[in-house]
Amino acid sequence: MKFGAFSISLSVKDIHKSKEFYEKLGFTYKAGNLDENWIVLKNENAVIGLFQGMFQDNIITFNPGWDGDAQNLEDFDDVRSIQKRLKTDGITLTKEADESTTGPEHITLTDPDGNNILIDQHR
């Protein structure tokens, strides 16, 4: 399975303090809007999303169809085919994609230690 771009989505208490902290670690602005309480930062291949007030826990995020710079990949596995494979392998999903659709869609699952995983296809 090809999951595409990888990032960590962090639920933060103060997005301005978090942004300042990660910038001191060498991360730079990639995308987002501080006025909307979300921003994406990057340091080489490492991508971190900072989100204030949007979700409770941190999330491991994959984006099928994108590379680490959010550029479209020609060859990728659609989230619906990933879903089908995961279900065949006995993985329980906490949110399933509508298999009758095409284009943007997402699925969610939780690993055995309670870590939330988002597979979020934007195209």
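Let's begin with Y22. At 18% relative accessibility, Y22 counts as buried, because buried here means under 20% relative accessible area, exposed means over 50%, and partly exposed is in between, with a 1.4 Å probe and protein chains only.

A word on what you're looking at. This is a predicted model: local features need pLDDT of at least 70, side-chain atom pairs count only at pLDDT 80 or more, and totals for chains, interfaces and linings use all residues. Residues are numbered from 1 along each chain as its sequence is written, and side-chain values use heavy atoms, leaving out hydrogens and water.

Now the layout. The chain has two helices and eight strands. Starting at the N terminus, the order reads β-α-β-β-β-β-α-β-β-β.

How far does the C-alpha trace span along its principal axes? About 45 × 30 × 25 Å. For 123 residues, a compact globule would have a radius of gyration near 14 Å, and this chain's 15 Å agrees with that. That radius is taken over C-alpha atoms, and the globule rule is 2.2 Å times the number of residues to the power 0.38. Of the 123 residues, 34% are buried.

Back to Y22 and its helix. In α1, residues 15-24, the buried ones are I15, S18, K19 and Y22. They sit on the same side of α1, because they cover an arc of only 100° around the axis; the arc is that of the directions from the helix axis to the C-beta atoms. What do these buried residues pack against? They pack against β1, β3 (38-43) and β4 (46-52). On the face turned away from the buried side, α1 carries the exposed residues K17 and K24.

Let's hop over to β3, where V40 lies. V40 has 17% relative accessibility, so V40 counts as buried. Leaving aside neighbours within four places in sequence, V40 is in contact with T28, Y29, K30, A31, V47, I48 and G49, where contact means heavy atoms within 4.5 Å. Take T28 from that list: T28 and V40 are twelve residues apart along the chain, and their C-alpha atoms are separated by 8.4 Å. For the chain as a whole, look at contacts with a separation of 6 or more: 49% of them join residues 24 or more positions apart.

Next, the core. Which residues make up the largest nonpolar core? There are ten: F62, V79, I82, L86, L93, A97, I107, L109, I117 and I119. α2 (79-88), β7 (105-110) and β8 (116-121) are the elements that give two or more residues each to this core. The largest share, three residues, comes from α2. Apart from this core lies another one, of nine residues, with V12, I15, F27 and L50 among them. By nonpolar core I mean a set of buried Ala, Val, Leu, Ile, Met, Phe, Trp, Tyr and Cys residues joined through side-chain atoms within 4.5 Å.

Is Q83 buried or exposed? Q83 counts as buried, because its relative accessibility is 0%. Again not counting residues up to four places away in sequence, Q83 touches L93, E96, A97, E99 and I107.

Last stop: rings. Rings of Phe, Tyr and Trp (its six-membered ring) pair if their centres lie within 6.5 Å; planes under 30 degrees apart count as stacked, over 60 as edge-to-face, and the rest as tilted. By this rule there are six aromatic pairs. One of them is F3 with F62: the centres are 4.9 Å apart and the planes are at 40°, so this pair is tilted. This pair links distant parts of the chain, since F3 is in the segment before β1 (5-12) and F62 is in β5 (residues 59-63), 59 residues apart. F3 is partly exposed at 25%, whereas F62 counts as buried at 17% relative accessibility. Then there's F21 with our friend Y22: centres 5.0 Å apart, planes at 90°, so that pair is edge-to-face. F21 counts as partly exposed, at 45%. And ring pairs link F3, F6 and F62 into a cluster.

Note on methods
Helices (H or I, at least four residues) and strands (E, at least two) are DSSP runs, numbered from the N terminus.
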